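Here are my notes on the model, as promised. I have set them out as numbered points so that you can follow along with the structure open.

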Amino acid sequence: RIDSRTYSEWKKPSVPLYMDIYIFNWTNPHEIKNQSTKPSFQQLGPYRFREYPDKLNISFDDNNTTVNYRKFSTYFFDAEGSNGSLTDIWTTANMVALGAANRAQDWNFFLQKGVSVALSRYNQKIHVTKSVSELLFDGYDDDMVKLSTVFEIDTPYDKVGFFVKKNGTDELSGNYSVNTGVDDIFKLGSIARYNNLTQFPFYENECRKLKGSAGEFFQPEPSIEKPIYLFTPDMCRSIPYDYEKDIE
């Protein structure tokens, strides 16, 4: 029932979720051409964020066996629970330069040359150094992104960052369709479709199957002998979790 406490907590939980982010700072990017030197990384974090999730565009199928929605989340930095500040400096691989080079592999010579000239013109390097806040949610400006329309690359971003457009928006949510358990209690909370897909075309065999919990409910009385699955849209697959121990 949409007027029940269970529904309201499912739609918009009264307590936040916590997300800890660990990053790996690349400490010797300038030695990349030295084949005798391995890349060196320094683990930083965790950087903790409080997530306040909500669900939008909720609708039920005619027989109420599935519910459809989009996810909307707001994130706040939790300084007390973090080991570090959002102003910390982070050096990592340059997503724009590597992405442009990879995209151009199958293009003709003239387009490849254009990408090469643009990378040189805008001083694009194999690495980028920015603050943690810029590389996570805030994003940073990049001239190559502004040039994306010249090479007919359809991108929804105007800034560069790992979680750009994930805070305070449902733009990258995707469309969920989740089983309510009305027809089968053992389907409760399991993902039925994501963006109208029941399996992913870019995986093979078991990995392409869309299954497991969407994150809020799990199958009643799960067997400790079998893993439970959690659907993870950022990875476009369902991840198995094995039983570890009983707790009280």
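Which residues have the most contacts inside the largest nonpolar core? Before that, two remarks on conventions. This is a predicted model, in which local features need pLDDT of at least 70 and side-chain atom pairs count only at pLDDT 80 or more, while totals for chains, interfaces and linings use all residues. Residues are numbered from 1 along each chain as its sequence is written, and side-chain values use heavy atoms, leaving out hydrogens and water.

1. The main core. Ile23, Tyr47, Phe49, Trp90, Val132 and Leu136 have the most contacts inside the largest nonpolar core, which has 18 residues. Such a core is a set of buried Ala, Val, Leu, Ile, Met, Phe, Trp, Tyr and Cys residues joined through side-chain atoms within 4.5 Å. At least two of its residues come from each of strand E1 (17–26), strand E2 (41–60), helix H2 (95–103), helix H4 (132–138) and helix H5 (143–146), and H4 gives the most, with four. Helices (H or I, at least four residues) and strands (E, at least two) are DSSP runs numbered from the N terminus. Another core, of 12 residues, lies apart from this one and includes Tyr176, Val178, Ile191 and Leu210.

2. Around Phe49. Beyond its neighbours within four places in sequence, Phe49 is in contact (heavy atoms within 4.5 Å) with residues including Leu17, Ile21, Tyr75, Leu86, Leu136 and Phe137.

3. An aromatic pair. Rings of Phe, Tyr and Trp (its six-membered ring) pair if their centres lie within 6.5 Å; planes under 30 degrees apart count as stacked, over 60 as edge-to-face and the rest as tilted. By this rule there are 16 aromatic pairs. In one of them, the ring centres of Tyr75 and Phe137 are 4.9 Å apart with planes at 35 degrees, so the pair is tilted. Tyr75 belongs to strand E3 (residues 66–77) and Phe137 to helix H4, so the pair ties together parts that are 62 residues apart in sequence. Tyr75 is buried at 15% relative accessible area, and Phe137 is buried at 12%; buried means under 20%, exposed over 50% and partly exposed in between (1.4 Å probe, protein chains only).

4. Thr66, in strand E3, is buried with a relative accessible area of 5%. The C-alpha atoms of Thr66 and Tyr176 are 9.7 Å apart, although 110 residues separate the two in sequence. Among the residues in contact with Thr66 are Ser177, Val178, Asn179 and Thr180. Tyr176 itself is part of one aromatic cluster, together with residues including Tyr7, Trp10, Tyr69 and Phe231.

5. Backbone points to check by eye. Most residues other than glycine have a negative phi, and most peptide bonds are trans. Gly45 and Pro46 are joined by a cis peptide bond, with omega of about 5 degrees, and Pro46 is in strand E2. Asn57, also in strand E2, has a positive phi near 55 degrees and is exposed at 59% relative accessibility. Asn64 has a positive phi near 65 degrees; Asn64 sits in the loop between E2 and E3 and is partly exposed at 38%.

6. Overall figures. The protein has five helices and nine strands. Buried residues make up 32% of its 248 residues.
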